[in-house]
Amino acid sequence: MNLSTKILIGLALGIIAGLELGAEGAGFAKTWIGPLGTIFMNMIKMVIVPLVFSSLVIGVTSLGDIKKVGRIGVKTVAYYLVTTAFAIVIGLAIGTIMQPGVGLHMAADTAKVAAKAAPPISKVIIDIFPTNPLEAMVKANMLQIIVFSLFVGAGITVVGEKANALKHTIDGLAEVSYKIVGMIMAVAPIGVFGLITPVVASNGPSVLLPLLKVVIAVYLACLLHAVLVYGSMIKFLAGMSFIKFIKGIAPASLMAFSSCSSGGTLPLTMSCAQKMGASKEVSSFVLPLGATINMDGTAAYQGVCALFIAQLYGIDLTASQYMTIIVTGTLASIGTAGVPGAGFIMLTMILTSLGLPLEGSALIAGIDRILDMPRTSVNITGDAAVTLLVDKSEKKHAEAEAPLY
């Protein structure tokens with residue numbers, strides 16, 4: 001029995017157990033079953049920083065050419081930006097067609113929902129560069145870790161032979177990290193069971209029914225984005241069957257659906273991408289970057305939820321406000337950390353930029369975990385799709401530059 005089947009069984013059993021326990025057993029689920037998921041996620045988080053650091057450094061040194069690193073980086077970021085823009089447009093389209101907030105007579109929770117003011121772009125750029133890389137690692141600041149890793153990899157490449165000892169040490173750290181991940185994934189079905197049971201018990205059918213329309217809209221937007229955007233990319237640009245791709249990424253998608261963490265799913269995403277033919281050097285570079293800046297599912301969710309709240313309060317948005325959602329949503333999703341619930345924080349930024357009532361986001365907060373599951377699954381699916389595209393592009397580039405004899 002393969003890993004994806006085992007994870008699916010764990011997911012199904014968790015849903016059944018959660019429904020059986022219901023709201024009355026939610027306390028029991030959180031106290032006695034939830035820790036299984038928490039321990040599993042803690043183990044995953046334990047290995048994320050050394051894995052991202054070592055894999056990125058080795059990814060850069062494996063490329064061997066600083067120009068190649070720049071070329072791959074530009075292509076990767078470009079793909080992520082384009083797919084994110086498509087995702088938020090699809091979210092807006094679904095929100096416009098389904099109108100999840102129209103006719104919903106539900107008073108928003110008047111409890112204050114704090115909105116984090118979007119920092120100026122200059123501060124965002126400055127904060128990417130760490131003053132203390134060790135502090136960045138302790139705090140798991142992924143963007144700063146990525147920047148530091150790129151510099152270390154570039155430095156090793158430029159220094160050459162004298163840095164071989166450091167390169168071998170970091171390569172050893174990467175291999176050890178991969179082995180640790182293998183050990184952790186052996187208990188993934190149990191972890192998934194522990195993660196999903198309390199969620200289902202706490203958010204049973206009776207809780208979801210009043211907001212069922214917005215839940216369906218978000219799930220549909222994520223599904224359409226995966227099929228239309230990723231399906232087209234995989235078939236026409238990567239030259240792979242979409243069915244084969246979906247089967248290949250299934251273990252990571254199911255893991256992301258259960259854990260709601262792009263970063264936590266990274267080790268499994270890397271394994272799946274490499275099994276589908278992506279080279280280790282490209283996947284080690286593109287996937288850690290994607291786990292941090294590529295949030296397509298989050299972008300689709302933000303489009304649906306922004307319209308939901310506008311419709312809930314009877315506010316008609318202008319064309320310029322739609323454009324604001326697309327631009328703000330694209331930039332916000334890139335800045336969203338790959339951790340559970342971070343997308344909700346970014347939603348408050350979009351609502352603030354549109355002048356929409358923040359109280360409406362309290363309704364979303366109640367079901368945010370349910371909405372987090374499909375968008376995280378789409379996020380990592382997009383990471384894998386872009387990895388295969390960049391890998392295919394690099395292989396074509398290598399063939400074109402190969403000497404003719």
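**Ground rules.** I am working from a predicted model, in which local features need pLDDT of at least 70 and side-chain atom pairs count only at pLDDT 80 or more, while totals for chains, interfaces and linings use all residues. I number residues from 1 along each chain as its sequence is written, and the side-chain values I quote use heavy atoms, with hydrogens and water left out.

**Salt bridges.** I searched the whole structure for salt bridges and found 6, taking a salt bridge as a side-chain nitrogen of Lys or Arg within 4 Å of a carboxyl oxygen of Asp or Glu. One of them joins Glu 394 to Arg 71, with N to O at 2.8 Å. This pair links distant parts of the chain, since Glu 394 belongs to helix α18 (residues 368–401) and Arg 71 to helix α3 (residues 66–98), 323 residues apart. For helices I rely on DSSP runs (H or I, at least four residues; strands are E, at least two), numbered from the N terminus.

I then looked up a second salt bridge of Glu 394, in which Lys 75 is the partner and the closest N and O atoms are 2.5 Å apart. Lys 75 is in helix α3 and Glu 394 in helix α18, so this pair ties together parts that are 319 residues apart in sequence.

How exposed or buried are these partners? I use buried for under 20% relative accessible area, exposed for over 50% and partly exposed for what lies in between (1.4 Å probe, protein chains only). Glu 394 has a relative accessible area of 6% and is therefore buried, Lys 75 is buried as well, and Arg 71, at 25%, counts as partly exposed.

Another salt bridge that I noted is between Lys 139 and Glu 135, whose side chains meet at 3.0 Å, N to O. Here Lys 139 is exposed at 60% relative accessible area, and Glu 135 is partly exposed at 35%. Looking for shared partners, I found that salt bridges join Arg 71, Lys 75 and Glu 394 into one network.

**Aromatic rings.** I counted 3 aromatic pairs in the structure, where rings of Phe, Tyr and Trp (its six-membered ring) pair if their centres lie within 6.5 Å, and planes under 30 degrees apart count as stacked, over 60 as edge-to-face and the rest as tilted. Phe 53 and Phe 148 are stacked, because their ring centres are 5.9 Å apart and their planes are at 15°. Phe 53 is in helix α2 (residues 26–63) and Phe 148 in helix α6 (residues 142–159), so I record a link between distant parts of the chain, 95 residues apart. Phe 53 counts as buried at 12% relative accessibility, whereas Phe 148 is partly exposed at 26%.

**Around Tyr 301.** I located Tyr 301 in helix α14 (residues 296–312), and its relative accessible area of 0% makes this residue buried. The charged end of Arg 375 sits over the ring of Tyr 301, 3.8 Å from the ring centre; the criterion is NZ of Lys or CZ of Arg within 6 Å of the ring centre and within 35 degrees of the ring normal. I also noted that the C-alpha atoms of Tyr 301 and Cys 222 are separated by 7.7 Å, although these residues are 79 residues apart along the chain.

**Cysteines.** How many disulfides does a search of the whole structure find? I found 0, with a disulfide taken as a pair of cysteine sulfur atoms within 2.5 Å. Among the cysteines, Cys 260 is buried at 2% relative accessible area, and Cys 272 also counts as buried, at 4%.
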